Amino acid sequence: MRGRVPARCGAPYDSGMNSLLSSRGPLPDLGRSTLTWFAGWWRIIHFGALILVLALSPSSYAGPNRSALARHVYLGTAPILLWFIVLSSLISLVIIRIVVVTAVSYGLSQYALEMVVRVLVLELIPLTAAVFVALGCALPNAEDIAGMRTRGEYDALAQQGVDPLRHEVLPRVASAMFSVLMLAAVSCVVTAVLAYVSIYGFTLGAFAGYTRTFGQVFNPAVSMIFALKSFFFGLAVALIPVASVLYDRPRGRMRMSVELQSLIRLFLALLLVEVASLVGNYY
Amino acid sequence: MKEEPSSASPPAANLEFKAALLLALLFLLIAGAVVYLLYARGAFEESQQLVLMVDDSDGVAVGMNLTFSGFPIGRVRRIELTEDGVARIIIDVPHEDARWLRESSVFTLTRGLLGNTALKAYSGILSDPPLADGAVRKVLVGDATAEIPRLVADMRELVSNLKALSAEDSSLSASLGNVRDLTEKLKGPRGALGMLLGNEADAKKLVTALDRTNALLARVDGLAAKADAQAFGPAGLVPEARAAIVQLNAALTDARTSLKKVDGILADAQVAAGNARDATADLATLRAEVDTSLRKVGRMIDEVNRRWPFARDPKLKLP
């Protein structure tokens, strides 16, 4: 597998698909671009399957691969963790204040906590974490891969017998996914604490009622949707930018760079996951 | 963020440790969140079951609280529809909170105006036996929104009544007009009297009658004073009557004396009568003797008449 992977993940799709798509002929432009778009999605899904297989393989965590994974996990998460906690805390405080004041002014203060939990913990924090990781970690990682390919280091690794997908791509994908989950988890906890303190003050007397409300919001279905949403956010943020730089090519007619294409694909994927979670939670 | 490939890697041991710390932190956060959610969902509580039957479970949601005195003591675990179309609300009540539920407890389902539904338990007699596990109870439904149509209908009726009352030609308006007339009459020269009698002439008559009555009363007052003097004065009737009674007492005393004398006379008369009775017994003998003498005289006269020549011929001669 080590020798075949670069050929499988790059060349066959490029040659086959692009020869089909670049042929001028009966296909109109719209159809061709649509086909290109769906082909890009298919490549991403295939790339995700490859990465998943590599991630589940124990040999991916041995020797130098483990060091690379640890380095990327740490460097992809630690620098942005503190900033994200500060930023999400500020946003959470503002939103908690708005929700609580509005609820009190309408005489619905008993619903304020539930609304804060639903709006912030369930919906906004995971989405914000995904966007933050995408901009702060996943896109730079994709740029690294693109730079390596441009400089020929990617192919040089393959020629040296080192699987670049396992050694360079998997750690970056794993670090981005870990980063999304880590940021979402930490800021959800911080936001939950901030919500409690904002509504009840520094007392433990309301902890039982708070816990009960939390339990009411997080019923089994909502909890499962929340976990799946966080997982798919992480997957989308980790896979789409890297897959785009590996497989997409700049579209000459639309003057759209690979990075922009990956960003559009990423936001579309995040939007779809969010909509699916909203449908699952509220319909 | 930009990094060179593995050739320029920093010290790996330190990074691996930090990465392991981050992984451990994430694991702890996720595990803690799962445990907290399980605790919040009541997974670690020993609970008993309560089944509430209600015709309409609209507004009841899984996870909803059952409250007692405002405190949540149970949560809805499942809602299902029975074969006979009644909703079964299955509630988990932790054992430590189940002590508030008694055999005589009453359960209500109230729906507020904003659609907020609440399940409440009321236990009036806390000394009753505790509610058994799996007990089935009917729920009393107090629906605030169900009252709205009736309330609106009542309000509409009330408003129409008010309209009818306040209309120009309504009874209330006429009554108020009459009250205004009355008050104007009250403010008039004859006041309430003129209002009661209706016209000036009768009011004048009544005033005149009152004046006369006053004069009459003054005279009666004088008469009463005079009668008082005649009855109770020094030469009045009462002192004279008292003197007459004294005299009557004296006359009665005389009469009593006279009667005593009469008694004596009567006793004498009684004696005289006894004598007369004796005399009457002698008279019978005397009368017998007189009768005998008279019969002899009669026979003698008959003999004389028979012997007398000018005696009458008693025989009848027939022709």
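Helices (H or I, at least four residues) and strands (E, at least two) are taken here as DSSP runs, numbered from the N terminus. The model is a predicted one, in which local features need pLDDT of at least 70 and side-chain atom pairs count only at pLDDT 80 or more, whereas totals for chains, interfaces and linings use all residues. Residues are numbered from 1 along each chain as its sequence is written, while chains are lettered from A and ligands numbered from 1 in the order in which they are written.

On this basis chain A has ten helices and zero strands. Of its 283 residues, 40% count as buried, that is, with 20 or more other C-beta atoms, placed from the backbone, within 10 Å of their own.

Helix α4 (residues 64-105) of chain A packs with helix α5 (residues 112-151) of chain A at an angle of about 150 degrees, their axes being 10 Å apart; axes are lines fitted to C-alpha atoms over the stretch in contact, and angles run from 0 to 180 degrees between N-to-C directions. The pair α4(A) and α5(A) is therefore roughly antiparallel, a term for angles over 145 degrees.

Two residues are in contact if their C-beta atoms, placed from the backbone, lie within 7 Å. By that criterion, 24 residues of chain B are in contact with 29 residues of chain A, and the largest share of the chain B side, twelve residues, comes from helix α1 (residues 12-40) of chain B. The classes on that side are tabulated below.

| Class (chain B side) | Members | Count |
|---|---|---|
| nonpolar | Ala, Val, Leu, Ile, Met, Phe, Trp, Tyr, Cys, Pro | 15 residues |
| polar | the others, Gly among them | four residues |

Notes
Parallel < 35°, antiparallel > 145°, perpendicular 65-115°, else oblique. Buried ≥ 20, exposed ≤ 12 C-beta atoms within 10 Å, placed from the backbone.
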